[in-house]
Amino acid sequence: MSLTIGSMMALSFVVSLIALAFLIWAVASRQFRMDQADAELIFPGGEGETHKPDDPTSFGFQEKAEPGEGTDTRHRMLIFALIGFGTFWLVFGSIFGVIASLKLNIPDWLSGSAPMTFGRVRTVHLNTVIYGWLSLTGIAVAMFLIPRIFKTHLRGVNFGWAGLVLWNIGVAAGAWAIATGWTDGMEWLEIPRPVDIILAAGGACFAIPLVMTALKRNVHHIYVTGWYYLAALVWFPVLFVLGNLPMHSGVQQATVNWWFAHNVLGLWLTPIGVGAAYYILPKIIGKPIYSYRLSLLGFWALALFYSQVGMHHLIGGPVPTWVVTLSVVQSVMMFVPVIAVAVNQHVLWATNLWAFKQSLPLRFVAFGAVMYTLASFQGSLEAVRAVNTVTHFTHYTVGHAHLGAYAFVSLVLFGTVYYLMPILTGRLWPAPRLISLHFWLVAIGFGIYFVSLTIGGWLQGLAMLDASRDWLESMQLTQPYLRGRTLGGTLMTIGHVIFAINLVSLLFAPRREETPAAAGTPATTAG
């Protein structure tokens, strides 16, 4: 372990120096002046003005476009394409997820085809959803929000288009490789390294426009959403490159594997979700977040505590005890940033339930924000050895992973897409009831999925720890809960198809000038 631990400690030291440099710059440029007025930077008009609720579907269009809104056709088309391809990978990956779930109940189904075996189907599902849906749609949201926050147009749009082409080639090639049995064989790192090079090039092309736009910003202070997104642009490339370096094996490889896998969720997908929620919630409601000081505290606490939490997946493995202990401590310390986010976001929407009832996008984002709190609390507790002893190697962990990556990040992205698409197209959603149906399908479906795996996984863990019970019994008792998993996953997949239908139908809806919304009359959102 000396090579892995030594290299990781050296890397952590270098990253800490870089973070310290950013911190010194932020302090010197008064980014930490801790002024609540900075929470109002996302609103048009001056400080202290009354802000109108902003959701075209619920409250009608704003009187004029905001700076950086996407008036450039190439910018708007890039966002459309990112969301469109992201939605394709969502539906594609969800179908493979349902197939994988069914095979847990019907193991001989499709067993005559090697690409359709459980190990390959489930892995295709994981990678297409993570790298296809979540990453592409997260980048689309960043392409929309970063120019808005910095009040300038997006620079380097052509790089974004190049990134879109390369990234989709990488995801498609990775899915094909996994289906044919060509894989690196590590969780979340299954895509072969030659294909990883394509993804890395695509990721670099995505980062260039966002960094160029940040450098040309027309505001002095960086709103908290900008901090999350810019940090993610630093964290993810480091994670991806180091995670895919062919220099570790055995226990070393397992250590790097879970360092990468957990940090993709915490330092890539979490900034995407939390950053979007910090923008969408106050914008739709028309009020700033509860405490801007807490928002920055939450960001820096995430940066400080999250990087080593993945080692709790190796509890009981042949790794140094101090590595696991450090992970457990940092996992528990994650209560700090999570509580900071919870106080800010939950207080805001919970004290403005009128907006929650009226705005469909707000329901998705608020629900996702609550799930972030629950996922983080559950993750901190799951890292404790007494709990991990029961949940390790069970379906409980699968339920927890979906609580974070799906119920949190995906729900926030759904709501953000429903918010931004009318703004960019000048069209209102033609069927708000389908949006409501989408929400209830994924909320109820996920509830069934999560409860089934949580209860079934806990009972499975207790059975495996009981030496008086046969190991096969621990598998048999999960069967009813696995059927619940399939039911929940099917409902979520139907919701994803409806989401795709909503996106296509929007393209055929009448434009803003041809609808009552031009006069400020919103479409109905009953249901």
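Student: Is the crossing in which helix 3 passes helix 15 left-handed or right-handed?
Tutor: This is a predicted model, in which local features need pLDDT of at least 70, side-chain atom pairs count only at pLDDT 80 or more, and totals for chains, interfaces and linings use all residues. Residues are numbered from 1 along each chain as its sequence is written, and side-chain values use heavy atoms, with hydrogens and water left out. A crossing is left-handed if the near helix is turned anticlockwise from the far one by less than a right angle, and right-handed if clockwise. Helix 3 passes helix 15 in a crossing that is left-handed.

Student: How are helix 3 and helix 15 oriented to each other?
Tutor: The axes of helix 3 (residues 73-105) and helix 15 (residues 395-425) come within 12 Å and cross at roughly 150°. Angles over 145 degrees count as roughly antiparallel. Helix 3 and helix 15 are therefore roughly antiparallel.

Student: Is Trp-458 buried, partly exposed or exposed?
Tutor: Trp-458 sits in helix 16 (residues 432-465), and its relative accessibility is 32%. Buried means under 20% relative accessible area and exposed over 50%, with partly exposed in between (1.4 Å probe, protein chains only). Trp-458 therefore counts as partly exposed.

Student: What is the phi of Leu-110?
Tutor: Leu-110 lies in the loop between helix 3 and helix 4 (118-150). Leu-110 is partly exposed because its relative accessible area is 33%. Its phi is positive in a residue other than glycine, near 60°.

Conventions: Helix = DSSP H or I, 4+ residues; strand = E, 2+ residues; numbered from the N terminus. Axes fitted to C-alpha atoms, helices over the stretch in contact; angles between N-to-C directions. Parallel < 35°, antiparallel > 145°, perpendicular 65-115°, else oblique.
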